[in-house]
Amino acid sequence: LSSGAVSRIVATESAQPLADARGGAGEPWPGAPIPPPPSHRWQWLTARVAIALFVATLLGSLWMLHRSELEEDRGSLIRDALWVEQNIQFNLERDIEQLRDLAADSRGGVVDQHQFETRTRHLLPSSAGLLRVVLLDVDGALRASAPGSNEQSSGVPWVDAESEPDYRLARSVGRPAYGPAHLVAGEQQLEVFVPFYRDGALAGTVVGIYGLKAILAGLVPWWLAEKHWVTIRDAAGNVLAAKSNVEADGRPELTHQAALDPPGHGLLLNVESYGTKTLLLRNLLAVVILGLAAAVTWSVWSMRRHIQRRMDTERALQEEHAFRKAMEDSLVTGMRAVDLEGRIIYVNPAFCQMVGYPASELLGRPGPQPYWPVEEHDHIAEALRNARRPGAPRAGIELELVRRDGERFEALLYEAPLIDAQGHQAGWMGSLLDITERKRAREQVRLQEEKLAATARLVTMGEMASAIAHELNQPLSAIASYLTGCLNFLESGGKSTEEIGPALKKAAQQAQRAGHIIRRVHAFVRKSEPTRSRVRINAVIEEAIAFAEGEARKRRMRVRSRLCEANPELEADPLLLQQVLLNLLRNAMDAMADTPAGQREIVVTSEVAGAMVHVGVADHGCGMSPEVQGLLFSAFFSTKKDGMGMGLNICRSILELHRGRVWAEPAPHGGTVFFFSLPLEAI
Amino acid sequence: MSDGIVHVVDDDAAIRDSLCWLLRSRGLPAHHWDSGEAFLAGFTDDTARCIVLDVRMEGLSGVEVFDQLLARRCRVPVIFLTGHGDVPLAVTALKSGAFDFVEKPFNDNQLVDRIIEAMKVCEVRLQEQHAEAEVAVRLGQLTTRERQVMERVLAGELNKQIADALDIAIRTVEVHRARIFEKLGVRSAVELAGLVLKHKG
């Protein structure tokens, strides 16, 4: 907590007027929490909607991409399928031409096995999927086959029952016809029947036997097989032959079927795309996008939570601050902080109210402060130094301060070090209590008690005086009566001297009785003998001054002492001497009641003059008239309203007990000096 | 007056003695008592003409003695001697019928003058008392019938009316009347009324 920071805080706080700072009970605290503005919610909603739209757009575009890719795949699939289909058809048609040519060559009639094989030798390898070529005679019996087989022409029709209708159809219409696919030795095969004529009559049939699998193997190139699964299926959709053993997952949108006609019979060319690679990439992309979206959402949410937390903290801080401010404003104790150079860095409203200065006039001010009475500057500065000394007692120091309007007040200040958050001392924190009323009440009680005691003393004295008066009355009355009686007798001349004599004697006895009473009173008073000890005169004086200082301060008077260095020792009752000094000091204070405040000074001096020590108490008071000076030491004489007129008498009695004396002189600078002298040698 | 005695009650011997000396110097016989108790026991008011009481005494105080005298219906004037501070007490006593109070130390001849005044007052009172006693004695000598007749005479009734009321002869009424006048030493009905009224008042 640097002093600069504190002063800044204070400066902003003190900017508002004092009355505001104290505030009415109904008003909210100046720092009360403010609810979040309504735009805040909209901001969050907008952020959320933006995130949702962003994610939706990403997903949408991803889907569109997927769609277009699918379309493109499908296009290429269809293209590829058509290409395969056409290739197959083209091959089959070309084969039919060649088979027809082969038949034409066989028109000569009988073609033996060897010839047939020779003729077909170049045909078989060049024709994809053509497994075998068979020559049937007009009756349908096997005449030759290539490649050759163990089958010999047996005159039995070669065509099996399944292909029979197509064989017959071919012969009847004289055009080539395909038989259905059927399973031969674990392989789907189909036949093409090409009838040939000689001289206008049916001469026989050339049969080409195709393996479906071989067709696919020969006519589907590798690059296509790599992308697609190419199969030939029957009308029911059963796979009759496939290019690859790797099956596609058979999604309908990536499948194209085309009828294979020829050979017909419901055979279908089925092409399915694998399309796995693109899917993986896309999924990855989608996952990344979703992941990023989730990350953005999470970060926004966590940011929001963070801000929320921050706002909560801020609000709590504001509330705490407002509470502390309210607390500090409602304090009755004045608080003020000073930095290490003594400049005020903080004051609370109670303090301002107490001293009557607004905070703006106090902040940043180095000592002496405006609320220190001018003549107390040194005293206050020293009291503060003492209170700030390390190890100084924690008890508050009593100070007399002055308000702006000039009113004085007594204050109790507790000074404590101000430690900042880093543990360094930044200055001093003081709490100030106005104890004027308390002191006044205490003073009132003290005065009351003093008055009571004085009254009690007076009553006692009255009682004593009354008792003495009564005691003395008796002999005095008797004397008067005797003497009056004597006079009466003498006037009337009725009695002789012998008769009057006893009465006079009795009167004399009564006079003696009165004397006894007086001596008894003396003896009673003498009972309080002083208890003497060896004391240093300056110590006695200083103790008496310390005793009177409190009262002097209250009456804004100062007691100075100018004591002799010799500081002689004498034999005396210190308590009684202090009583003398206190009486003289009190008289001096009373004499200065009307003296201007600056000049209210009492000077106590001591000096050795021969065998005596002289002690003087000089005031700057009103002085004395000659009449007063004449009556000074007579009992029951007082210039004070409530005075008993005993003080100086007591002083004189005490000094006489010590073989000293007391007298008064006008002081050279106005006022009066009371001196008393005491002998130095032992009494 | 020559046979009247002043009683001085004070516990202080010097005061007692000196006061008696003073009174004797003015020709007044005085008798002194050293306490209230002794005074109350030995005192008779036949010859007493004044009592001087000290307020503050050992035992019974002056005021207490005075209260007892009042209870005894003693009518001798009392003068209090007071010391310093006893004045309120003396004033109270004055209100209940004391003659005066004198503060010590007193001006002696003034005190004696006050005592003489008190004795004169006492003398007058005694004479009055004496006359009253005489009337009472004379009234006591009347017979019952004479008393009845006297009351009617005092009521202003004529002899005839009295005779009718008491059922006696007028002549008898006249005889009674003459005897009443003779016994009481009066010469007319008016004198009679004055005497009786004074006695009753």
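# Briefing on a predicted two-chain model

In chain A of this predicted model, confidence is lowest in helix 2 (residues 18–22) of chain A, with a mean of 40, and highest in strand 20 (residues 612–618) of chain A, at 93. These scores are pLDDT values, the predictor's confidence in each residue on a range from 0 to 100. Over residues 1–33 of chain A the pLDDT is below 50, and beyond near neighbours in sequence this stretch has 36 contacts in the model, a contact being heavy atoms within 4.5 Å. The average pLDDT of chain A is 81, and 90% of its residues score at least 70.

**Conventions**

- Residues are numbered from 1 along each chain as its sequence is written, and chains are lettered from A in the order in which they are written.

**Overall organisation of chain A**

- Chain A contains 18 helices and 22 strands; these are DSSP runs numbered from the N terminus, helices being H or I runs of at least four residues and strands being E runs of at least two.
- Chain A has 683 residues, of which 39% count as buried; buried means under 20% relative accessible area, exposed means over 50%, and partly exposed lies in between (1.4 Å probe, protein chains only).
- Among the contacts in chain A between residues at least 6 apart in sequence, 60% join residues at least 24 apart.

- T205(A) belongs to strand 6 (residues 201–211) of chain A and is buried, because its relative accessible area is 1%.
- Leaving aside residues up to four places away in sequence, T205(A) touches several residues, including V134(A), L135(A), L136(A) and D137(A). Also among them are Y167(A), R171(A) and F193(A).
- Q89(A) is placed in helix 3 (residues 39–105) of chain A and counts as buried, with a relative accessibility of 17%.
- Residues up to four places away in sequence again being left out, Q89(A) touches A259(A), D261(A) and P262(A).

**Salt bridges within chain A**

- The count over all chains comes to 42 salt bridges, a salt bridge being a side-chain nitrogen of Lys or Arg within 4 Å of a carboxyl oxygen of Asp or Glu.
- E375(A) and R408(A) form a salt bridge in which the closest N and O atoms are 2.9 Å apart. E375(A) lies in the loop between helix 11 (359–362) and helix 12 (377–388) of chain A, and R408(A) lies in strand 14 (residues 408–419) of chain A, so the pair ties together parts 33 residues apart in sequence.
- Both partners are partly exposed: E375(A) has a relative accessibility of 43%, and R408(A) has a relative accessible area of 26%.
- E443(A) and R446(A) meet through their side chains in a salt bridge of 2.7 Å, N to O. They are separated by about one helical turn because they stand three residues apart in helix 13 of chain A.
- Within this pair, E443(A) counts as buried at 18% relative accessibility, whereas R446(A) counts as partly exposed at 32%.
- A salt bridge also joins R586(A) to E551(A), the closest N and O atoms being 3.3 Å apart. This pair links distant parts of the chain, with R586(A) in helix 16 (residues 574–591) of chain A and E551(A) in helix 15 (residues 537–554) of chain A, 35 residues apart.
- Salt bridges that share partners join E551(A), R555(A), R586(A) and D590(A) into one network.

**The interface between chain A and chain B**

- In this interface, 21 residues of chain A are in contact with 20 residues of chain B.
- The area buried between chain A and chain B is about 1800 Å², and carbon and sulfur atoms give 55% of it; buried area is the accessible area (1.4 Å probe) that two parts lose on being put together, summed over both.
- Two salt bridges are found across the interface of chain A and chain B. D12(B) forms a salt bridge with R513(A), in which the closest N and O atoms are 2.7 Å apart.
- On the side of chain A that touches chain B, helix 13 (436–492) and helix 14 (497–525) of chain A each supply at least two residues. Helix 13 of chain A gives the largest share, 15 residues.

Key:
Predicted model: local features only at pLDDT ≥ 70, side-chain atom pairs only at ≥ 80, totals over all residues. Heavy atoms only, no water.
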